[in-house]
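The report below describes the fold of one protein chain and then turns to a few selected residues and their surroundings.

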Amino acid sequence: MSASAPAAEHDHGGHGPRAHGAHRHGHQGGHGHEHPTAPTRVLALALALTCSFMVVEAVIGLTSGSLALLADAGHMLSDTGALVLALVAQRFASRPRTARSTFGLRRAEVLAAFVNGVALAATALWIIVEAFERWLTPTEIHGEALLLTACVGLGVNALVAALLMRGQRDNLNVRAAFLHVLTDALGSVGAILAGVAVVTLGWTRADPALSVLIAILVALSGWRVLRETTTILLEAAPSHLDVRAIERTILDSSGVASLHDLHVWRISDAFDALTVHVVLERGAHGIEVCQDVAERLRREHLLEHVTVQPEAPPPDPLVSVRRDRDGAPIS
C-alpha cells in the first residue's frame, strides 16, 4: 500500500505514438497491504463481541416480548455484516490477482455488502410492520429485562468502538465498521429509553414507538450500503470524483490536443480506476505526455490506477494546387 508507487510506462517501440501507453498503479489507503495482521485481529475480536451479544439480545427480545430489543439486534446485524465485510476486505485485498481475476477478488466484498443492504432493508420493514401491530394491540413486556439488556448492549457497543477507534484512523475498512458501531449505539439508547418508559410509567407502547426509530436507523444503514454498492456494480463514477474537473485536468496537460473514451469507475472500496485516450499535439512525445497526465491525475485527484493511451494527431488535409503549364502555382 503505497501512494508513492512509481509509474510503470509501457513503450512498444516501432509502432508510432499510438502504440505508446502509460500506466500508473498504486493503492490508496484502506487496503491494508502493509500491516494487515493488526486490523484483522481487532476486527475479529470486535466481530466476536458484536455477534455474540446480537444473539443474546435477540433471545432476550423474544422471551421478554420487547420489539425494541429485536430491532436493536437487527441493527447489530448490520454491525456484524460491516465487520465481516471489513475482514473480507482485509483478506482479499492482500491476495494477488490471477489470470482469470485480473483485479483480484475485490468485488466479493461489494457483492456481500449488497446482500447485507437488502437484508437490512427487509429487517427494517419487518420491524415497522410489527411495531404497527403492537401499537394497535399492546403486548406484555418485561421492562427490567429490556432495560438491563439495552444497558449491556450500549456497553458492548462502547467496548467495540474503543477497539476500533485506534485502527479507524489508518484503515478505511475499520473506519467504516467504527461508524456502524457508533450508529448502533444510538439504537441501544433507544432501547434504554423504551425500557425506562415501561419500568417507570408502564407505557408498553413506548417499545413499538422507539422500535420504529431504531428501524429508521437500520433502514438508513441499509440504504447507504445499497447506494454505494449499486454505484460500484454499475461502474458509475465515484461520487467524490468530479469527472468534468478530471477532463479539464487532462486537457490542460502539456501535449494533449483532445481526449475521448474517458472512463472513471471504482473496482472496490477505495480502489478507483481511470482509462482515457488522448490525442497528441503535433511534436508531442507519447510517453512524456502520458507520464505528465498520470502524475497530474495522481496529484490533483488522488487517482493512482490510471491508464493513458496516446493517439497520433490526424494528418493534415490535402490541398489541391492549380498550376500553369510551367509548373507555377495559379493564385
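From the N terminus on, the elements of the protein run β-β-α-α-α-α-α-α-α-β-β-α-β, which amounts to eight helices and five strands; helices (H or I, at least four residues) and strands (E, at least two) are DSSP runs, numbered from the N terminus. The model is predicted, and local features need pLDDT of at least 70, while side-chain atom pairs count only at pLDDT 80 or more and totals for chains, interfaces and linings use all residues. Residues are numbered from 1 along each chain as its sequence is written, and side-chain values use heavy atoms, with hydrogens and water left out.

Of the 331 residues in the protein, 44% are buried, where buried means under 20% relative accessible area, exposed over 50%, and partly exposed in between (1.4 Å probe, protein chains only). Among contacts (heavy atoms within 4.5 Å) between residues at least 6 apart in sequence, 74% join residues at least 24 apart.

Several residues of interest lie in helix α3, including F114 and R134. The C-alpha atoms of F114 and T229 are separated by 5.7 Å, although these residues are 115 residues apart along the chain. Leaving aside neighbours within four places in sequence, F114 is in contact with L226, T229, T230 and L233.

R134 has a side chain that reaches the backbone oxygen of G65 at 2.5 Å, a polar contact in the sense of a pair of N or O atoms within 3.5 Å (within protein, one must be able to donate a hydrogen and the other to accept it, and residues adjacent in sequence count only if both atoms are side-chain atoms). Not counting residues up to four places away in sequence, R134 touches G65, S66, L67, T139, D207 and P208.

The count of aromatic pairs comes to one, under the rule that rings of Phe, Tyr and Trp (its six-membered ring) pair if their centres lie within 6.5 Å, with planes under 30 degrees apart counted as stacked, over 60 as edge-to-face and the rest as tilted. W135 and W203 form this pair, which is edge-to-face, at 6.4 Å centre to centre and with 80° between the planes. The pair links distant parts of the chain, since W135 lies in helix α3 (residues 107-136) and W203 in the loop between α5 (172-201) and α6 (206-233), 68 residues apart. R205 lies over the face of W135, at 5.3 Å from the ring centre; a charge sits over a ring if NZ of Lys or CZ of Arg is within 6 Å of the ring centre and within 35 degrees of the ring normal.

The accessibility of these residues is as follows.

| Residue | Relative accessible area | Class |
|---|---|---|
| F114 | 30% | partly exposed |
| R134 | 14% | buried |
| W135 | 37% | partly exposed |
| W203 | 42% | partly exposed |

**Helix α7**

The buried residues of helix α7 (residues 243-251) are A245, I246, T249 and I250. Seen down the axis of α7, these residues fall within an arc of 140°, so they line one face of the helix; the arc is that of the directions from the helix axis to the C-beta atoms. They pack against β3 (256-268), β4 (271-280) and α8 (286-301). D242 caps the N-terminal end of α7, with a side-chain oxygen 3.1 Å from the backbone nitrogen of R244.

**Cysteines**

A search of the whole structure finds zero disulfides, a disulfide being a pair of cysteine sulfur atoms within 2.5 Å. C51 counts as partly exposed at 30% relative accessibility, whereas C290 counts as buried at 0%.
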